[in-house]
Structures are given as C-alpha cells and as structure tokens.
Amino acid sequence: MQNETGKNWISHLLASALSDLKLTSYLDSLDIKVPDLNFGDYSTNAALILAKKLKENPKEAANKIIEKIQENAVAKDLVTMQEAGGFINFTLTPQFLLNNLNRILDQGDLYGCSVNGGGKTVIIEYFQNNVAKPPHVGHLRSAVIGDCLLRVFRSQGFKAVSDTHIGDWGTQFGILLFAYKEFIKAGGEKKLIEADPIDELNKLYVGMSAKIEADPALRDLGKEEFAKLEQGNTENRELWQWFVRVSLEDFENYRKILEVLPFDHNLGESFYEDKMPPILAELKQKGLLVESQGAQVVNLEPQKMGFAVLVKSDGATTYLTRDVATIKYRIEDMKLEKMLYVVDNRQAHHFNQVFEISKQANYLPDPKAVEHVDFGFMSLPEGAISTRKGTTISLRNLIDEARLRALQIIEEKNPALENKKSVSEQVALAAIKYFDLSHNRKTEIVFTWDKALSFEGNTGPYLQYTHARIHGILRKSQTNADSTQTHADTEIPRQSGFSSASVGDRELTVLRKLIQYPEIVAQVAKDYLPNNLCNYLFELSQTFNSFYQEVPVSQEQNLMIRDFRLKLITATAQVIRNGLYLLGIEAPEEM
C-alpha cells in the first residue's frame with residue numbers, strides 16, 4: 001500500500017472483491033471518481049453497474065461489495081465505506097493519510113513519480129521556431145506546454161525525448177534569400193546583418209513581405225530562389241546554412257533563458273530533404289499521389305479533408321511532404337511508439353491530412369501513435385500576432401520587462417533579501433510560464449502585461465511565495481526549537497504517544513489534498529492539460545495558508561503535535577516544489 005495512490009488502492013480493493021464474487025468480467029466498466037467532499041474521498045458506480053447486469057437492487061449490490069472488501073485485512077483501519085443511492089463512497093482514514101505523509105517525506109522529489117509508462121518511447125515536438133525570426137510571445141505556448149509535458153511523461157516512467165523540428169525549409173526562405181540579395185544589390189553590407197543577424201534578417205523578411213502585398217509578382221521571384229535552394233545552388237545553399245547556424249545559436253540562447261529542458265533532437269525540416277523523394281515515389285506507387293493542375297496531391301475528399309498538396313505546381317515540396325517523411329522516419333528509424341505535436345489549433349487541418357496520409361500509406365502501425373496536442377492562439381489586444389506584419393511582442397522584451405517588474409516588487413516587499421536579482425529572475429519566469437499553463441491549452445489567450453505579470457491570486461509567484469513562506473517557518477522553528485529533534489527525522493505514526501486521533505480537521509484537509517497529487521500528475525499525462533496541475537497547486541497553497549492562519553505550528557506547546565505539524569507543512573512544500581518543477585518553474589526558499 002505504501003507505493004499506491006488512494007485511487008489505485010481503492011481500485012485494487014474493488015478488483016479483489018469482484019474477483020472473490022466471481023464478477024471480474026465487469027471490471028472494465030467500473031469508474032472511480034473524486035466526489036464532493038461531503039461524499040468521501042472516492043466514489044464508484046460499481047454497484048449500479050453490477051445491479052443492472054445482475055438484475056439486483058443497487059443497494060444490495062453495494063452492500064455485498066462493501067462486505068467483501070471489509071473481509072480484506074489490508075483494508076482494516078485504512079478506509080471506511082458507505083452506500084449512497086447505489087454508489088459506494090470511500091473515505092480514507094487518518095491512518096492512511098498519515099502513511100501517505102510519511103511516503104512524501106521519504107520519497108521527496110520522487111513523490112508523484114511512477115513507472116506506469118513502462119519505458120514506452122514517446123517524442124514530444126514543440127517550440128518550433130523558424131529560422132531568421134526572433135521568437136515572440138506567440139511561441140511561448142508551444143515552448144512551455146511542450147516542456148511541461150516532457151517533464152510529466154518522464155516522471156511517469158516513459159522514455160520521453162524532445163525535438164524542436166525547427167522551421168528551416170520552405171518558400172519563406174526563398175523570400176528571405178531574395179530580400180537579402182536585393183539588400184546587397186542596393187549597396188547594403190553583410191557586416192550590418194552580422195552585427196544582429198536575427199533581427200536584421202527578420203527586418204528584411206518583413207520588409208519584403210510588405211512589398212509582396214503591394215506587388216504579388218515579387219513572390220514568384222522568392223519562389224524561384226527557393227527552387228534554386230532545393231536544386232542545390234551553391235550561393236543559396238551557403239547563405240541558407242548561415243541563416244540556420246545563427247538561428248540555432250539564438251534559439252539555444254532563448255531555451256536557456258526560458259529554462260526549458262535541453263532538446264534531445266533538433267532535426268529541422270531540411271533534415272528530411274533526402275527522405276522526401278522516396279516518400280513521393282512510394283505514395284505514387286501505392287496510387288495515393290496523383291497529379292492535379294500541375295501539382296502532386298493526395299485526394300482526401302472521401303475523408304472530407306480536401307486535397308492534400310505534397311508538391312506545388314512549381315516543383316517545390318510542402319510542409320505536408322516533410323511531415324509525412326518525419327512520421328515514417330520516427331516510426332521506422334527512431335523506433336518511437338508515440339508522437340505528440342504541440343502546435344496551435346490553426347494547424348489542425350494540416351495534421352489531420354498528415355495523419356490520414358500516413359495511415360493510408362501504412363506508415364502508422366497504430367493510428368493512435370500520433371496526436372496533435374493543439375492549443376489556442378495567443379493574440380494581442382489589438383489583434384493577431386504576425387511576424388510577417390511585424391505585430392509582435394518579442395520574447396526578449398517580455399522576459400526583460402518581467403524581470404524588471406519582479407525586481408521592483410521584491411525591492412518593495414523584502415529589500416534585505418540576498419540574491420534579489422536571481423530570485424527576481426525566478427519570479428519573472430514563474431509569472432510568464434504560469435500565466436500560460438494555468439489556462440486550458442485549448443482556449444484562446446489575449447496577452448496583456450497586467451495579467452501576465454500579476455503577483456496576486458492564481459499565479460506562479462503566489463505558489464513560489466507559499467513555498468518560500470513554509471521554508472521561512474521551518475527555518476524559524478529550527479532556530480527556536482526546544483529540542484534537538486528536526487522536523488523530518490522520524491515517521492509520524494511511530495512517534496511515541498502519537499496516534500491518528502491526534503489529527504485535527506484542518507490537518508486532515510491538508511493531508512487529503514496532498515494525497516491527490518500523484519493522481520493529478522498521472523491525469524496530465526493522459527489528457528495533456530497542465531492547467532489541472534496548476535489548479536491543484538493553487539488549491540493546495542490556499543489550503544495550507546488557511547490551515548496556517550487558524551492552527552498554531554511553531555507556537556504549538558505540545559512538542560509531539562508541533563513536530564507533526566512541521567512535518568505536514570514540510571510535505572506541503574515538497575509537493576509544491578515537485579509540481580512547480582513539472583511546470584518548469586523554480587521554487588525559491590526565500591522571497
């Protein structure tokens with residue numbers, strides 16, 4: 001039981017009872033949920049399902065199951081059960097919750113981890129920035145959601161790896177090449193670009209895009225430059241390689257600033273250049289690829305997905321071609337079992353086409369091996385973010401502004417704090433990341449400074465402050481301790497004279513919240529919704545702060561109860577720390 005979550009343990013008790021009752025065939029249809037607190041810690045529909053199947057009274061079926069579970073010696077003193085309207089409600093006893101408290105203190109940073117993933121290989125693709133374009137706040141969502149999911153999957157026993165799949169191929173590079181050549185032709189100097197390559201190249205691209213809007217014929221000149229790049233033109237190749245090199249250096253710098261985990265792979269679209277011709281030949285051989293108005297397409301009209309263009313009429317390949325080649329490579333060469341694409345919801349149609357073509361070509365042994373983890377588009381109050389139109393807030397400016405504001409707040413609240421600059425950087429990133437992750441990823445977000453950088457309510461800095469507050473209490477309690485016993489040197493239930501009867505209602509509320517953490521993390525690995533983890537951590541922090549306002553901790557005169565409460569808040573800080581790590585957020589011990 002020590003390594004079980006409450007939900008898993010209840011599930012095992014039910015499975016054992018149904019096995020004894022010769023009813024294991026109904027296990028798959030059972031559901032265990034966390035009900036309203038008035039109905040216990042967990043509730044199951046087992047009795048309703050069985051009553052319907054066996055044509056029995058639901059109450060009688062429930063009591064039959066309860067009696068069988070009560071015969072299980074393991075359940076003694078650890079859970080109470082009650083039938084209510086055909087449901088069975090389970091309430092974990094204080095002793096069970098104390099056992100879990102010891103588990104948190106014992107496992108530390110590993111609390112919430114599991115081996116449920118069984119080493120299954122998963123790749124998560126995110127933060128797909130484009131070459132020669134500075135990342136803006138619109139790129140933030142993919143970066144922080146993808147990084148969070150990578151951390152969660154690894155914590156759940158998956159062999160999870162990451163790939164940026166950086167955008168380094170396509171017609172836009174023809175436009176950039178054309179813009180650069182026009183700049184040089186007009187007397188511009190390369191050293192001006194080299195001084196600040198990303199911003200300067202982006203200016204060239206934005207400027208040329210504006211000219212194309214005024215004179216669409218210029219786009220054809222850009223397409224010609226990309227066609228020459230694909231055909232191996234030496235000048236275009238060398239320029240393109242320079243664009244990619246400086247962009248990767250810039251990308252790595254932003255990765256470090258955002259404290260996103262290092263990427264296992266950085267295989268850009270160009271990596272699949274030599275893998276596209278075999279794909280096209282194979283699709284043609286299988287009768288999937290046909291010619292239409294000079295282009296090569298796959299007809300997905302029967303699936304109501306239109307025509308998927310793999311090669312344009314000018315001979316240039318498309319994103320579709322590269323993404324189909326990517327799937328084939330990841331399945332056959334990388335031996336991956338699952339692929340997650342963390343990309344905004346505007347690309348839903350694209351991925352539907354990519355997945356359907358891959359399925360029809362038999363590149364996917366399991367259609368469920370690929371998933372588009374979509375998220376809502378981020379916009380500004382004045383409208384959509386667009387690099388082409390220049391309506392962006394750069395990620396660099398966002399981070400710099402957040403750091404400045406965080407430092408000002410810390411100067412006001414705790415001017416004597418050491419390492420103020422370091423802490424302000426941690427707080428700034430927490431504000432930025434949590435603003436994004438606390439939203440359901442499927443929702444649209446309007447970015448505003450006030451909302452992103454708020455330090456009150458359901459925010460990253462609030463969670464950091466709660467964590468730091470607990471550590472402040474622990475430091476003070478150790479300084480003022482009347483005994484040599486530390487706050488985490490013995491197991492709660494084994495202390496002489498301490499029993500579960502000594503646990504009060506406020507303490508039980510915190511204990512019940514703590515036991516939910518592993519289940520929340522496991523659920524994020526299933527539905528890819530980090531906001532549920534955010535909501536949990538916020539509720540845990542609120543629960544602790546309410547507890548601390550009403551129950552004495554350091555001032556408790558009974559040393560045995562005082563030590564228990566110190567262990568309780570130590571475990572709370574540990575869970576907040578573990579959860580913040582999965583969100584990619586630091587947990588400072590002083591603010």
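Trainee: Is A295 buried or exposed, and what surrounds this residue?

Mentor: Before the answer, please keep in mind that this is a predicted model, in which local features need pLDDT of at least 70, side-chain atom pairs count only at pLDDT 80 or more, and totals for chains, interfaces and linings use all residues. Residues are numbered from 1 along each chain as its sequence is written, and side-chain values use heavy atoms, with hydrogens and water left out.

A295 is buried, having a relative accessible area of 10%, where buried stands for under 20% relative accessible area, exposed for over 50%, and partly exposed for what lies in between, with a 1.4 Å probe and protein chains only. The residue belongs to strand β8, which covers residues 295-299; strands (E, at least two residues) and helices (H or I, at least four residues) are DSSP runs, numbered from the N terminus.

As for its surroundings, if residues up to four places away in sequence are not counted, A295 touches V290, V309, V311, K312 and S313, and such a contact means heavy atoms within 4.5 Å. G157, by contrast, lies 138 residues from A295 along the chain, and the C-alpha atoms of these two residues are separated by 45 Å.
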